[in-house]
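The report that follows goes through aromatic pairs, a nonpolar core and a sheet in turn. Please keep the sequence and the coordinates at hand while reading.

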Amino acid sequence: MFTTTKAFSGFSVDDVPRAQEFYGQTLGLRVTEEYGMLTLHIEGGTKILVYPKADHVPASFTVLNFPVPDIDRAVDELAARGVTFERYPEFSQDEKGVFRQEGPPIAWFTDPAGNTLSVLQE
């Protein structure tokens, strides 16, 4: 039934204009708006729907992961753009907020609606 359709993911935010500024300007993604919702255009043709929700509650998990070739460079560039990296007591993170113990190095941050995103070493 779904073998020939293109699926897409989505998540909610509490303020579409703030989300558009964050994803478009801070993260540098191509963002379009239609019907009061945003579409994030990710490399390779992936589209992610960002929709308003009045009673929005941030997801309790990471909604977007951005693989990068150099995590230290990515963290430095994002920090220079005003992004603050999350610290979790259960993880041993370095001074930049990067967790390097298990799996690929990863650092988490949130969008203005509190949704968790990450950059991780490819």
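## A buried aromatic pair

Phe11 counts as buried, because its relative accessibility is 6%, a value under the 20% limit used for that class. The coordinates come from a predicted model, and the values given here are computed from it.

Tyr23 is buried as well, with a relative accessible area of 0%. Eight aromatic pairs are present in the structure, and Phe11 and Tyr23 form one that is classed as tilted, because the ring centres lie 6.1 Å apart and the ring planes stand at 55°. Phe11 belongs to strand E1 (residues 9-13) and Tyr23 to helix H1 (residues 16-26), so that this pair links distant parts of the chain, 12 residues apart.

## A stacked pair and its cluster

How are the rings of Phe91 and Trp108 arranged, stacked or tilted? Their planes stand at 20° and their centres are 5.2 Å apart, so this pair is stacked, given that planes under 30 degrees apart fall in that class. Since Phe91 lies in the loop between H2 and E6 while Trp108 lies in strand E6, the pair ties together parts that are 17 residues apart in sequence.

The two partners fall into separate accessibility classes: Phe91 counts as partly exposed at 31% relative accessibility, whereas Trp108, at 9%, counts as buried. Ring pairs also join Phe91 and Trp108 with Tyr88 and Phe99 into a cluster.

## The nonpolar core

The largest nonpolar core comprises 29 residues, and Phe11 and Tyr23 are among those with the most contacts inside it, together with Leu27, Leu40, Leu64, Phe109 and Val119. At least two residues of this core come from each of E1, H1, strand E3 (37-42), strand E4 (46-52), E5, H2, E6 and E7.

Which residues does Val119 contact, once its neighbours within four places in sequence are left aside? The list consists of Phe66, Val68, Ile71, Val75, Leu78, Phe85, Pro105, Ile106, Ala107 and Phe109.

## The sheet around E7

Strands E5, E7 and E6, in that order, make up an open sheet of three strands with mixed pairing. Its edge strands are E5 (62-68) and E6 (106-110), each of which pairs on one side only, and neighbouring strands are turned by 25° against each other on average, direction ignored. Strand E7 (residues 116-121) pairs with E5 in the parallel sense over six bridges, while five bridges join E7 to E6 in an antiparallel arrangement. Between E6 and E7, which form a hairpin, there are five residues, and Gly114 in the turn has a positive phi of about 90°.

Residue by residue, Val119 in E7 has Phe66 standing opposite and also Ala107 standing opposite, and Gln121 in E7 has Val68 opposite. Helix H2 (residues 71-80) lies across E5, E6 and E7 and runs at about 145° to E7. Why can E7 be called largely enclosed by the rest of the structure? The reason is that five of its six residues are buried.

## The annotated span

According to the UniProt annotation "domain: VOC", taken from an unreviewed entry, the domain covers residues 5-122. In the model, the end C-alpha atoms of residues 5-122 lie 28 Å apart, and the span is 18% helix and 35% strand.

Technical notes
Residues numbered from 1 in each chain as written. Predicted model: local features only at pLDDT ≥ 70, side-chain atom pairs only at ≥ 80, totals over all residues. Heavy atoms only, no water. Pairing = 2+ DSSP bridges. Helix = DSSP H or I, 4+ residues; strand = E, 2+ residues; numbered from the N terminus. Axes fitted to C-alpha atoms, helices over the stretch in contact; angles between N-to-C directions. Contact = heavy atoms within 4.5 Å. UniProt positions renumbered as here; feature names shortened; annotations may be inferred. Phe/Tyr/Trp six-rings, centres within 6.5 Å; stacked < 30°, edge-to-face > 60°. Buried < 20%, exposed > 50% of the residue type's maximum accessible area, 1.4 Å probe, protein only. Core = buried A, V, L, I, M, F, W, Y, C linked by side-chain atoms within 4.5 Å.
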